[in-house]
Amino acid sequence: MNSISVYSSPVKLQVFVFADIDDFKNLLDPLQDVARTFKSKIMFIYVDIKEENLAKPFLTLFGLEESKNTVVAAFHNGMSSKYLLESEPTRSNIEDFCNNFVQGSLSPFFKSQPIPDNTDATIHVVVGKTFDDAVLSSEKDVILEVFTPWCINCDAISKQVEKLAKHYKAATNLDFARIDASANEHPKLQVNDYPTLLLYKADDKSNPIKLSTKSSLKELAASINKHLKVKNQVVKDEL
């Protein structure tokens with residue numbers, strides 16, 4: 001009922017506190033103190049975390065849609081960046097968080113699943129926290145499959161990638177990887193179409209090559225061979 005006044009407010013910096021009513025009561029006095037400090041600079045908004053229709057759309061942005069504990073998050077109304085208090089929601093931590101928010105010194109938050117165990121994996125699972133090491137900093141060429149669970153054509157591409165990974169299993173300088181874009185974010189991964197296949201060449205990670213997801217296996221292999229010099233590859237499986 002009051003969403004219009006929230007979104008139309010001239011105060012563009014917003015701090016959301018998601019908590020159940022009992023936890024919020026315990027936080028109310030310190031929150032009011034912090035809110036007075038940043039009056040006219042930050043709008044403070046409380047959302048009952050048990051009200052799924054209100055809380056879940058926001059919490060999903062942080063991968064915290066199942067959270068039952070207090071969450072303190074910040075947004076700049078009109079901008080896409082989001083921020084998360086990752087320490088305990090104490091008065092001093094919230095005040096420091098808000099101070100850095102006002103000064104523009106907070107690091108934006110990017111979603112990530114837990115770091116997976118890729119030991120012996122033919123196709124490495126990449127998450128937000130491992131994207132730098134597994135893709136951008138890797139000395140190898142990397143073919144990355146970007147998918148989402150709701151994507152209609154993603155299963156078909158996943159099967160093609162699995163066959164390609166098997167085909168190139170003897171290649172020592174080529175890794176195959178995949179990332180769930182619905183649960184993981186990275187500032188250097190800006191993809192809006194799913195599925196997407198990206199080829200990150202070892203000598204030019206800043207300019208990934210987009211491979212066609214409508215190509216046949218043979219066409220994809222030909223494209224890979226065109227762009228890369230695959231080392232120690234012994235072709236055993238026909239595509």
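What follows is a chat about the sheet, the ring pairs, the salt bridges and the cysteines of this predicted model.

Me: How many bridges join S1 to S2, and are the two parallel or antiparallel?

Reply: Seven bridges, and strand S1 (residues 13-19) and S2 run parallel.

Me: OK, on to aromatics. How many aromatic pairs turn up in the whole structure?

Reply: Eleven aromatic pairs. One of them is Phe62 with Phe109, a tilted pair at 5.3 Å centre to centre, with 40° between the planes.

Me: Why does that pair tie together separate parts of the sequence?

Reply: Phe62 is in the loop between helix H3 (52-60) and strand S3 (71-76), while Phe109 is in the loop between helix H4 (91-103) and strand S5 (123-125), so the pair ties together parts that are 47 residues apart in sequence.

Me: Are those two buried or exposed?

Reply: Phe62 and Phe109 are both buried.

Me: And what kind of pair do Phe131 and Tyr200 form?

Reply: An edge-to-face pair, 6.2 Å from centre to centre and with 80° between the planes. Since Phe131 is in helix H5 (residues 131-136) and Tyr200 in strand S8 (residues 196-201), this pair ties together parts that are 69 residues apart in sequence. Phe131 is buried, and Tyr200 is buried too.

Me: Which residues do ring pairs link into a cluster?

Reply: Phe16, Phe18, Phe58, Phe62, Phe75 and Phe109.

Me: Switching to charges. How many salt bridges are there?

Reply: The count is eight. Among them is Asp33 with Arg36, 2.9 Å from N to O.

Me: Where are Asp33 and Arg36 relative to one another in helix H2?

Reply: They are three residues apart in helix H2, so about one helical turn separates them. Asp33 is partly exposed at 33% relative accessibility, and Arg36 is exposed at 57%.

Me: What about Asp33 and Arg91, how do their side chains meet?

Reply: In a salt bridge, with 3.9 Å from N to O. That pair links distant parts of the chain, with Asp33 in helix H2 and Arg91 in helix H4, 58 residues apart. Arg91 is partly exposed, with a relative accessible area of 33%.

Me: Which residues are linked with Asp33 in a network of salt bridges?

Reply: Arg36, Arg91 and Glu95 are linked with Asp33 in that network.

Me: Which residue forms a salt bridge with Asp175?

Reply: Lys140 does, and the closest N and O atoms are 3.6 Å apart. Asp175 is in strand S7 (residues 174-180) and Lys140 in the loop between H5 and strand S6 (141-147), so the pair ties together parts that are 35 residues apart in sequence.

Me: Are those two buried or partly exposed?

Reply: Asp175 is buried, with a relative accessible area of 17%, whereas Lys140 is partly exposed at 32%. The cut-off for buried is under 20%, which is why Asp175 counts as buried.

Me: Last topic, cysteines. Which ones does a disulfide join?

Reply: Cys151 and Cys154, at 2.3 Å from S to S. The count comes to one disulfide, and its link is right-handed, with 95° about the S-S bond.

Me: How accessible are Cys151 and Cys154?

Reply: Cys151 is buried at 12% relative accessibility, and Cys154 is buried with a relative accessible area of 2%. Cys98 is buried as well, at 0%.

Notes:
Residues are numbered from 1 along each chain as its sequence is written. This is a predicted model: local features need pLDDT of at least 70, side-chain atom pairs count only at pLDDT 80 or more; totals for chains, interfaces and linings use all residues. Side-chain values use heavy atoms; hydrogens and water are left out. Rings of Phe, Tyr and Trp (its six-membered ring) pair if their centres lie within 6.5 Å; planes under 30 degrees apart count as stacked, over 60 as edge-to-face and the rest as tilted. Helices (H or I, at least four residues) and strands (E, at least two) are DSSP runs, numbered from the N terminus. Buried means under 20% relative accessible area, exposed over 50%, partly exposed in between (1.4 Å probe, protein chains only). Two strands pair if DSSP finds at least two bridges between them. A salt bridge is a side-chain nitrogen of Lys or Arg within 4 Å of a carboxyl oxygen of Asp or Glu. A disulfide is a pair of cysteine sulfur atoms within 2.5 Å.
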